[in-house]
Amino acid sequence: MTKKDLPKYVYGDRGYVRFIRRSRGQSVMMKEEPGTPEFWDHYNRLLKGREPIPVKRNFEALILSYYESEAYKKLKPRTKADYRKYIGHIRTIWGAKDPSKIEPHHVYELHRANAERWRQANYLVQVMVVLMNHARLIGFLKKEHGNPAKGIPLFKQVSEGWQPWPDDVRAEFEAVATPRARLVYELCLGTGQRIGDILKIRWNHLEGGAYDFTQGKTDKPLWIPLTHRLTSHLANLEKKGLTVVTDGKGRPVTYRTIAEEMRSVKAKMRNPEAASFVTHGLRKNATIELYLAGCDDEMVKAVTGHSGVEMLKKYGGQIRQRELATQAQNARNRMEQNKPRT
């Protein structure tokens with residue numbers, strides 16, 4: 001039975017169905033067969049709030065409480081979606097378990113069990129830290145218990161992250177890309193922003209020769225002058241809708257639509273490595289170009305919106321080190337030249 005066959009607030013759960021109404025903190029297993037008189041009687045009682053709400057100290061109750069917290073409600077939609085994904089995993093394996101019984105070795109084992117996907121494993125631990133902090137706030141954990149998820153050693157990144165697009169891949173992509181894929185490419189390079197923000201760009205964000213917006217992930221307001229290259233590309237575009245990137249009818253497009261289009265273009269390219277370079281790598285290209293132009297860390301952050309130098313190291317890599325070292329040694333050379341001779 002699919003969700004569309006079930007009434008409001010009712011979801012499939014391990015062979016039965018569950019009534020979940022988070023605004024009331026209700027989560028009740030319904031063992032009656034959906035559609036039977038017994039089912040509808042139980043369902044109507046739950047709608048009216050007559051079913052006693054379980055107050056067991058388990059992860060099920062903890063998670064429902066967290067979803068009603070201000071901390072969760074203030075999260076960005078993308079972060080909420082990520083949290084729900086990993087909280088769902090924790091709910092599946094520990095839903096009936098008492099949070100006070102969780103010890104560091106349990107979290108460590110959870111982390112190691114997902115080692116083949118290090119990003120996901122690390123995120124699970126980070127979400128556990130958040131949940132266990134909330135458990136302390138609502139009295140599920142005593143102060144002396146501490147947070148058993150804190151201090152778990154996370155897996156280190158096994159690479160330098162998303163790879164920048166090499167010149168030959170860029171040249172071929174520019175030659176064969178569809179107009180919309182090329183537009184996304186130019187916007188990513190020209191602004192150095194994430195694809196999520198790129199797809200939200202409206203024409204009124206680009207007034208005065210600059211991109212004036214607030215980053216979706218960081219909630220950081222940025223004002224970025226457009227490059228001459230991007231300005232020239234945008235000048236030849238027809239404005240079909242409110243957003244710069246649209247479908248054929250002028251409507252905004254989804255990330256999935258653009259991701260599929262970018263993959264389709266790269267699949268037709270002759271370069272055998274083209275498919276391995278993802279759109280987010282263009283943000284790295286933009287970061288590298290800023291360093292090659294002689295920008296320091298603060299100037300780069302002013303464009304890309306990176307919050308700290310550690311992230312810039314991942315994006316700028318050896319280029320950042322090389323350019324900073326060149327600037328430093330040039331400064332020494334100038335100092336030597338300006339010394340008085342005896």
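Predicted model: local features only at pLDDT ≥ 70, side-chain atom pairs only at ≥ 80, totals over all residues.
Let me begin with the face of helix 4 that is turned away from its buried side, where we find the exposed residues Pro77, Arg78, Lys85 and Thr92.

On the buried side, helix 4 carries Tyr83, Tyr86, Ile87, Ile90, Arg91 and Trp94. These residues cover an arc of only 155 degrees around the axis, which puts them on the same side of helix 4. As for the length of helix 4, its 18 residues, 77–94, should span 26 Å at 1.5 Å a residue, and its end C-alpha atoms are 25 Å apart, which agrees.

Now to the nonpolar cores. The largest one has 34 residues, and the members that touch the most others are Phe173, Leu187 and Leu234. Among the elements that give two or more residues to this core are helix 7 (167–176), helix 8 (179–191), strand 4 (210–214), strand 5 (221–225) and helix 10 (228–235), and helix 8 gives the most, with seven residues. If we take Leu234 and leave aside its neighbours within four places in sequence, Leu234 is in contact with Leu183, Leu187, Trp203, Leu206, Leu226 and Val244. Apart from this core lies another, of 26 residues, which includes Phe59, Tyr83, Leu110 and Met132; Tyr83 we have already met among the buried residues of helix 4.

Turning to charged pairs, the structure holds 14 salt bridges. One of them joins Glu174 and Arg229, with the closest N and O atoms 3.0 Å apart. Glu174 lies in helix 7 and Arg229 in helix 10, so this pair ties together parts that are 55 residues apart in sequence. Both count as partly exposed, Glu174 at 26% relative accessibility and Arg229 at 40%. The two also belong to a network of salt bridges in which Glu174, Arg182, Glu186 and Arg229 are linked.

Finally, how many disulfides does the structure hold? The count is zero. Cys188 is in no disulfide, and the nearest cysteine sulfur, that of Cys295, is 19 Å away. Cys188 counts as buried at 1% relative accessibility, and Cys295 counts as buried at 11%.

How values were computed: Residues numbered from 1 in each chain as written. Heavy atoms only, no water. Disulfide = S-S within 2.5 Å. Buried < 20%, exposed > 50% of the residue type's maximum accessible area, 1.4 Å probe, protein only. Core = buried A, V, L, I, M, F, W, Y, C linked by side-chain atoms within 4.5 Å. Helix = DSSP H or I, 4+ residues; strand = E, 2+ residues; numbered from the N terminus. Contact = heavy atoms within 4.5 Å. Expected span 1.5 Å × (residues − 1). Arc of directions from axis to C-beta. Salt bridge = Lys/Arg side-chain N within 4 Å of Asp/Glu carboxyl O.
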